[in-house]
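Here's a quick briefing to read alongside the structure. Have a look at the picture, then work through the points below.

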Amino acid sequence: MEQFAQFKVGAQRVYGMLHVPDGEAPAQGWPSVVVLHGFTGNRGGDHRLLPLLSRHLAARGVASLRFDFRGSGESEGDFSEMTVAREVEDVEAAFAYLRGLPMLDPERVMLLGFSMGGLVAALAAEKVRPHRLALWAPALPELWLPLLRGGYAPPVILDHGGWPLGREFLLEMPRVKPLEAAGRWGGVARVFHGDADTVCPPAFGVRYAGALGCDAVAIPGANHTFDSLEAVELLYRETGRFLTGG
């Protein structure tokens with residue numbers, strides 16, 4: 001079953017897609033995972049990476065919610081308002097939404113974040129206490145620090161390739177500590193990254209895995225968005241195995 005989903009964060013609506021396995025739910029409800037897209041992305045992901053993940057997981061008995069962060073995709077809000085703190089709020093609202101659905105197990109809601117979504121997931125884990133945490137090619141704040149241009153943020157909005165990047169996002173980045181948050185969380189986690197990723201290099205994944213005390217799974221030959229059929233097949237298989245307890 002696939003259906004549109006929506007929930008509110010403050011006065012703004014967040015739009016997404018809910019995937020639920022076919023058949024009768026187990027007595028305790030289906031396990032589920034909240035899926036977070038990356039910077040300037042949306043719930044579709046690159047080359048349909050996230051919808052096809054949701055269908056892969058549904059076939060294996062795991063429900064999922066893919067949503068657009070406020071200011072991204074079809075959700076309300078403007079991208080200029082986007083900050084990491086606001087995206088963490090969106091994750092909290094998404095968990096509350098899933099935990100309120102009768103066909104899902106409120107104790108087995110998991111979290112998966114891609115790229116900047118991985119950074120957000122690491123920060124949100126302390127708050128939402130996911131059953132399991134998966135990070136795909138997770139980003140670190142240092143990716144955006146060069147935009148501060150000698151330590152100074154733009155007065156209001158930075159035109160970032162057609163995206164109106166807000167001053168608050170840039171001022172927030174030096175204060176964001178996802179590795180420290182990951183180290184405090186202490187739950188079951190796994191990191192997945194392409195060993196040919198030049199955007200969020202494999203060293204980022206290794207640092208997250210070290211903070212989380214978990215394994216880092218390298219996808220051979222894969223770049224940041226896992227742009228090969230072979231890489232995607234391996235990524236889905238290993239992610240599915242982890243989320244289902246394998």
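**Leu171 and its surroundings**

Set aside the neighbours within four places in sequence, and Leu171 is in contact with Leu148 and Ala153. Keep in mind that this is a predicted model.

- You'll find Leu171 in helix 4, which covers residues 167-172.
- Is Leu171 buried or exposed, or something in between? Its relative accessibility is 32%, so Leu171 counts as partly exposed, since that label sits between the cut-offs of 20% for buried and 50% for exposed.
- Glu92 is 79 residues away from Leu171 along the chain, and the C-alpha atoms of the two are separated by 23 Å.

**The whole chain**

- The protein chain is built with seven helices and ten strands.
- Its radius of gyration is 17 Å, close to the 18 Å that the globule rule gives for 246 residues, so the protein chain is as compact as a globular protein of that length.
- Along the principal axes, the C-alpha trace spans about 55 × 40 × 35 Å.
- Among contacts in the protein chain with a separation of 6 or more, 71% come from residues 24 or more positions apart.

**Surface and charge**

- Of the 246 residues, 56% count as buried.
- The protein chain has an accessible surface of about 10,400 Å², and carbon and sulfur atoms hold 52% of that.
- There are 23 positive and 28 negative charges, and their mean positions lie 3 Å apart.

**The annotated stretch**

- An unreviewed UniProt entry annotates residues 31-133 as "domain: AB hydrolase-1".
- Over residues 31-133, the chain is 38% helix and 22% strand, with the end C-alpha atoms 13 Å apart.

Terms used. Residues are numbered from 1 along each chain as its sequence is written. This is a predicted model: local features need pLDDT of at least 70, side-chain atom pairs count only at pLDDT 80 or more; totals for chains, interfaces and linings use all residues. Side-chain values use heavy atoms; hydrogens and water are left out. Helices (H or I, at least four residues) and strands (E, at least two) are DSSP runs, numbered from the N terminus. The radius of gyration is taken over C-alpha atoms; the globule rule is 2.2 Å times the number of residues to the power 0.38. Buried means under 20% relative accessible area, exposed over 50%, partly exposed in between (1.4 Å probe, protein chains only). Contact means heavy atoms within 4.5 Å. Accessible areas come from the Shrake-Rupley method with a 1.4 Å probe; for residues, only the protein chains shown count as cover. Lys and Arg count as positive and Asp and Glu as negative; His and the chain ends are not counted. The place of a charge is taken as NZ of Lys, CZ of Arg, CG of Asp or CD of Glu. UniProt positions are given in the numbering used here, feature names are shortened, and annotations may be inferred rather than shown by experiment.
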